[in-house]
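Hello,

Here is the structure we spoke about, with its sequence. Please look it over first, then read the notes below it.

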Amino acid sequence: MRGRGGIGRRWGLKILCHWRAGSSPAARTSIIRLVTGTFLALSAMSCGRRADVGPVVVSVIGTTPQVAGRDRSALSAGDRQLTDSLAEGLVRFDAVGQIEAGVAERWIVIDDGRSYIFRLRNAVWADGTPVRARDVVPLLRRQIAPAAENRIASYLTAVASVVEMTPEVIEIELARPRPDLLKLFAQPEMALVRPGAAGGAGPFRRRDRTRDGILLTPAPDPDRDPDEEGPTPEQNVLLRGERAALAILRFVERHSDLVTGGTLDDWPILQAANPAPANVRVDPAAGLYGLAVVRREGFLADADNRGAIAQAIDRADLTGSVSADWPARETVLPEQLDSGAPPMVPVWATLTPEQRPAAARARVAAWRSVHGGAPIVRLALPAGPGGTILWGHLARDLYAVGVRPVRAALDDPAADLRLIDLVAPYDNARWYLAEACVACSEDARAAIEAARLADTLPERAAAAAAADRLLTQDVAFVPLARPFRWSLVALRLRQWQPNPRAWHSLNRLRTDPN
């Protein structure tokens, strides 16, 4: 059963990997019953502490990771993990999602948050040449350019210049104050990868790639005493990207130490596997999880009708059916953050949970009396089993108030509402508002832009509060919960910690034996 080609794994994969969201409910029920028995037996093996020997084996749910080049617009989960491992930015995230040194060993912020000065540490590129400011500056300029293929470039528009002060010192000047800049610079999209190079300055080097994955070994430390012992095999990482079913089964068979990148879409597969509870970890992820209005036509042309959709959904039932660690949310902003006011509460949220369906039903009935027939709303949702769970809850609640929902693919251009499931890169109100504003009102869009262009922090806070109010009144986004992110973690990974960024650097998994 524990062999790499064991019949137990092949049997489980044959069933799990052929799960289809479009299969019938009866078929899906049969699959769950079939795999649960096998996984119950397998999961007993994952209860104990694994021996802390050999490389840390990591499975990232998704495609096989590739080295990230200049295009950072749509990095997969595996690409982000590999990029963060091979190439540091000026700063990076530690085990709890806080800022720690990357290529820069220290920094200061002056001029009321308009100037950041970084001193580079004694680091080397993958080819062994020293890291110098003359190399770093053009890489940073390319990544923050307006035309940069980088998903966070639009949140770096306040950067006015990046200059080399000395071979070891870089200054980043801002046109507008940004006290939260460092968390953006810690994102894998801002890792410093030289063109044509096999990575950056670490913390790992890529040593080998086989069918078992990509072997990563610690990057050499130029400051290490030559007489000091080198890295042990336990400090190496074997990284692979694979489907959730295979990653989960590999873990319960004790052939891996970490499964990361799990979302609601994969959660039913994990539940069927039934691993030891001590291995299942859920991040308190900050970000957006809800339905963005993408077409303001028909029934959704009116804000009150969009509000009826929002209040018809039983959020507590949805999140409670998945996990006690998944709280519901009714506001766009999770908290005040840097806004000038607390999160705007929607009008419909002032009703009790018992009153909301009746109010939504009355609104739909009024629309039907004029237009005739039930309004049809197309929901763009993930295709996996978790998407099916979400669809079941949403469809039930919308049918109950007289709306006819239709399930659509996430990329369906004819969809009316589309699921937004994003972890926030930093704690900034404008990020939440801009990502939620897919097809919001012109007034809300103008207020979001005013927050971006504000010259002072008080002006920025006031503009963000106005944008939150306008976006909420427009009902352009239907909040459901916070993003759901889970991992399977072997007990040998004592340094792994849940955190709001839902990010776990591969050099911050084990406790350093030294």
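**What was found**

Of the 514 residues in the protein chain, 55% are buried, where buried means under 20% relative accessible area, exposed means over 50% and partly exposed lies in between (1.4 Å probe, protein chains only). This is a predicted model, in which local features need pLDDT of at least 70 and side-chain atom pairs count only at pLDDT 80 or more, while totals for chains, interfaces and linings use all residues. Residues are numbered from 1 along each chain as its sequence is written, and side-chain values use heavy atoms, with hydrogens and water left out.

**The chain as a whole**

The protein chain has 14 helices and 18 strands. Helices (H or I, at least four residues) and strands (E, at least two) are DSSP runs, numbered from the N terminus. The accessible surface of the chain is about 21200 Å², and carbon and sulfur atoms hold 53% of that surface; such areas come from the Shrake-Rupley method with a 1.4 Å probe, and for residues only the protein chains shown count as cover. Among contacts (heavy atoms within 4.5 Å) with a separation of 6 or more, 73% are between residues 24 or more positions apart.

**Helices α12 and α14**

Helix α12 covers residues 429-436 and helix α14 covers residues 457-474. Two packed helices are described by the angle between their axes and the distance between the axes. For α12 and α14 the angle is about 30° and the axes are 10 Å apart. Axes here are lines fitted to C-alpha atoms, for helices over the stretch in contact, and angles run from 0 to 180 degrees between N-to-C directions. The two helices are therefore roughly parallel, since angles under 35 degrees count as roughly parallel, over 145 as roughly antiparallel, 65 to 115 as roughly perpendicular and the rest as oblique. On the side of α12, the contact is made by Ala429, Leu433 and Ala436; on the side of α14, by Ala464, Ala467, Asp468 and Leu471.

How many of the residues of helix α6 (residues 244-252) are buried? Nine of nine are, so the helix is mostly covered. Arg250 and Phe251 are among them. After α6 comes Arg254, with a positive phi near 65°.

Leu270 belongs to helix α7 (residues 267-273). Leu270 counts as buried because its relative accessible area is 3%. Leaving out residues up to four places away in sequence, Leu270 touches Ile248, Pro275, Val280, Trp486 and Leu488. Ile248 is also one of the buried residues of α6.

His504 lies in the segment after β18 (485-489). Is His504 buried or exposed? His504 counts as buried, because its relative accessibility is 5%. Its side chain makes a polar contact of 3.0 Å with the side chain of Asp283 and another of 3.4 Å with that of Trp496. A polar contact is a pair of N or O atoms within 3.5 Å; within protein, one must be able to donate a hydrogen and the other to accept it, and residues adjacent in sequence count only if both atoms are side-chain atoms.

Ala95 sits in the loop between β2 (91-93) and β3 (99-101) and is buried at 12% relative accessible area. Ala95 and Ser505 are 410 residues apart in sequence, but their C-alpha atoms are 6.8 Å apart in space. Beyond four places in sequence, Ala95 touches Gln495, Gln497, Asn499 and Arg508. Gln497 and Asn499 are also among the contacts of His504.

Regards
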